[in-house]
Every structure is written in C-alpha cells, then in structure tokens.
Amino acid sequence: VIRDAGDVAARVAAARALLPAVGAFVEVTEGLALEAARDADARRAAGEPPRPLEGVAIAVKDLIDVAGVPTRLGTPRAGHRHPERDAAVVLAAAAAGAIVLGKTHTHELGLGMITPGTRNPFDLTRVVGGSSGGSAAAIASGLLDCAFGTDTAGSVRCPAALCGVVGFKPTTGTLSSEGVAALAPTQDTVGTLGATVADCAKLYRAAAAIPVGPDRRDVGRIGYDRAATEHGATAEVAQAVQRAAAELAAAAGSDLVEVQLPDPALTGSLSMIIVLAEAARVWSALLERDPTGFGPLVRAALRAGAEIPDELYLAALRGRERVRNETAELLAEHHLAVVVTPTVPVTAAPIAEVATDARARRRLEARHPRFTALASVIGRPAISVPCGLDRAGLPIGMQLMGDEHADLGLLAWAALAEHGEGARTVAVARASVVDRWRSPTR
Amino acid sequence: MDERSPVPEPEQLHDDELASYRRAVAHAAARLARDDQEEALEPQDPDAT
C-alpha cells in the first residue's frame, strides 16, 4: 500500500516505466496520488482508524471520470471531457482510502476486444484483450492490485482472462454508472479487476458501499456446458476449464452437472444488435458533428448501428427476455449456484496478426465474447478466474456466472476456484512476470 | 509490422468495416428470426392465461 509521498514517487516511476513497453496507462496521475497520500497521512496523524482501502493504489479505465483528469474514451477527439467530479464509483473508492494512480487504456468507446497500443505483460507480442485492457495489463505487470473497468459484453472479464488476473462484472445496475461514459446503457456495467478475487471483492465492496465482511457461498450445484465448451473453445482452453470445474466441485463438496446454456450464437447475435443500436443512439449526434473525432472502425460500427431498424432492436429485446427466462429456468431446474464456462475461447492472439489482417481481427472480435455475452445480455453477475496456462505459457480464464444479485456469493465461489491447481499455476507464472517487470535489468 | 501488408487508408478501413458490420447484422437478424419462429412453434400450455 501507499503510505507516503516516497511510496507515491516509487509507484509513479514504476507506472511510467511501463508506458513504453506495456502501454497500460493513458495518464499517470501523480498530483492526485500525492494529494491523496498527504490526506491519508493527516488522517493517520489525527488518530483516525484505517479505512477498508487505506493506501491501496488503483487504476481507472479511461471511460470513467476522475476529477481534474481528462476522460478521453480511447477516441482521437470525440467525446473527450474534463470532469470536475469523480464518477460515483471512484468517489466511493477514494472515500474508502484508495489512491488513484492513473487512467488506463480502453479500446475506443469500449467497443472492441483488443485495446490497441496495450500489450500483454505475459508476452509483449500478444494482445491484452479488451476493452478494459489497460487495467488488466497494469495489474498483470504487478504495478497495482485493483482497477476499475467497464463491461458491456465481456470487457472486464476477457482482458482479465488473457492477462492471468481476475475480472468481475457485478449484476447490471449494482454499481453506479454516474460519471461513466455510456456505450450500450442496458448492458453497461462497471466492474473490478484484481490480482486476486479478494482484490476484486474489496474494490467492489467499496464501490457498492457494502461493509467489509465474509462472502458466503450460495448452496447449490455447479453447471457445466461441456458441449458448448468443447465446440466453441480450443482443446487446451476446454481441458483447463473442465479440470478446474471438476476441482471446484470437489472442493465445494458439490455436484458438477452437465447443462446446455442458451446457444452462444444466439446470445452473441442479441448482444451485437443491442450494443450497436444503443451505441448509435448514444453517439450519433456527435458522430454527425465530428465524424473524424472517432477512429474509422468505431465510426463504421456506429453507422451500422444507426441503420438497425427499430423492429430488429425490439426483436432483440424480446429475445433477451426469452434467454433470461430460459437461463433462470435452467438454474432452478438443476439447483445450480453457478455455471462454469471458459471466459475467452482462445488465449491471447499475436498482435501482428490482428494489426495487419482485418479478417483475423474481426474473427477475434467475434470470438472473444462468445461465452461472456450471455451474462451481459441478461444482466447476471459473472467473474473470470485464472485456471491454467496453454503450451505457450499464456493464461486461460474460467468464467463463473451466478444468480442475479448474488454478487457476494459468486465472489465466494470464485475465491474457492482460485485455490485450484490451474489457478495456482497461473499465480506462479504471474509472479515471475511481475519479477521481470520489477527487475531493473529487464 | 509486415511491410508487404500496408495498412489501408482510414476511409478504406471505414468502408470495409461498415460492409462487414452490415453482413454481421444481417446474419444476426436471421438468427433472431429463426429463434422467433422456433418460439412461435413451441406448443403452448393450454392452461396458460
């Protein structure tokens, strides 16, 4: 934790050292961090008790406002703002003692799964995932233990999985969206990323103003969609997730039940139509006024969204209700507390491939949210926990989806999953990644 | 970056991407229509009100 100005200087130097190689930060907020450290020092001197996040350094995705720091949204120019107030979640975290160390890179508007310009600390030639890629990379490189992201179809969970860290999307609407740039308001959710489940949980609790306390696991069985996993993910990812799911069931003394979730192709279609249509509604007026303020790819997405007829959008909302009901019935019928899938069907792709080959990039963008879109479409909480490494030493994530508003219970399940053999393998690999980044001779 | 694969100009990128999104939306619309049809063919509960 940060205790004084010396600690701030050391963290700032480490954050700036990451900029050329990993590119996690848009801006390092040294002045704010110094001010917060001085304030914490004064509180200590006055004999005030420590707060839940006292001196914990955090990073904030650059779609979320931090007072006095521009919010750039990852766009060339469009929508940049200069907030005078913190977003509600940042305000809550700061009130709990957190110290904002910087703003992290986002894929433009949060509408993409790559986060160009940010590289994976496990392998700098690989993508970091998106859209909260900067937050995941900052944690994976060991600079800090907690960060805020946003998740509309998997944007917290996917980069967490590819970077070997934990990413939590709470039940939609649980965390305030005040001061957070919108993409698709019916799916947007602020989420937390952490080096561990406990790190994710403590930032979530602070942001949601939930007092510190034990997270109790909900009683129930574990659902596992074997067919969708084996069909939709690479063999290495499927095997790692299946092993971790079996271990979780054994550790919990629970049954692993094979289930069939709603078709990922359907949930992906619903998510795409809803996200593009809503994003166009949010951003079309600005797109008209300042088209080149957006990058060409996002401009195309917004134009495609504006062309979606109202009838198709409404059909997607009806489809969402059906999928929501179907999923609720499935969980009730099998007495499931959580459902396990891979987070991302693949491990981190080479940057060179997606930077030069448009078809490869589009394939990646379509494939990454295959398993994460469901929880986003129906608003359920979901978390990605590391569960293994592929042959190249790249992290694999397992997603646990829970019951609506059972966020703390889901965190407790994730904490148990974190003790699995695959998760421990990733933790060891991440420790050596962190050592590499801390080494002055790297 | 491979010099043999020049990155297209922004407007070309935009046009290619827009065409790709249009195809993806059409594909998604077809998938939704199939789901709607399947739903319509589901036997209804005669006791449902």
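Figure 1. Two strands pair if DSSP finds at least two bridges between them; strands (E, at least two residues) and helices (H or I, at least four) are DSSP runs, numbered from the N terminus. In this predicted model, 11 strands of chain A form an open sheet with mixed pairing, in the order β1-β3-β2-β6-β8-β7-β12-β13-β11-β9-β10. Its edge strands, β1 (25-28) and β10 (256-258) of chain A, each pair on one side only.

**Figure 2. Pairing at β10 of chain A.** Strand β9 (residues 221-224) of chain A pairs with β10(A) in the parallel sense over 3 bridges. A:Leu256 in β10(A) is the bridge partner of A:Ile222.

**Figure 3. A salt bridge between two helices of chain A.** A salt bridge places a side-chain nitrogen of Lys or Arg within 4 Å of a carboxyl oxygen of Asp or Glu. The closest N and O atoms of A:Asp310 and A:Arg281 are 3.4 Å apart. A:Asp310 lies in helix α11 (residues 310-333) and A:Arg281 in helix α9 (residues 264-289) of chain A, so the pair ties together parts 29 residues apart in sequence.

Figure 4. B:Asp36 forms a salt bridge with A:Arg318, with 3.8 Å between the closest N and O atoms. Because B:Asp36 lies in helix α1 (residues 10-41) of chain B and A:Arg318 in helix α11 of chain A, the pair joins two chains. Shared partners link A:Arg318, A:Arg322, B:Asp35 and B:Asp36 into one network of salt bridges.

**Notes.** Residues are numbered from 1 along each chain as its sequence is written, and chains are lettered from A in the order in which they are written.

How values were computed: This is a predicted model: local features need pLDDT of at least 70, side-chain atom pairs count only at pLDDT 80 or more; totals for chains, interfaces and linings use all residues. Side-chain values use heavy atoms; hydrogens and water are left out.
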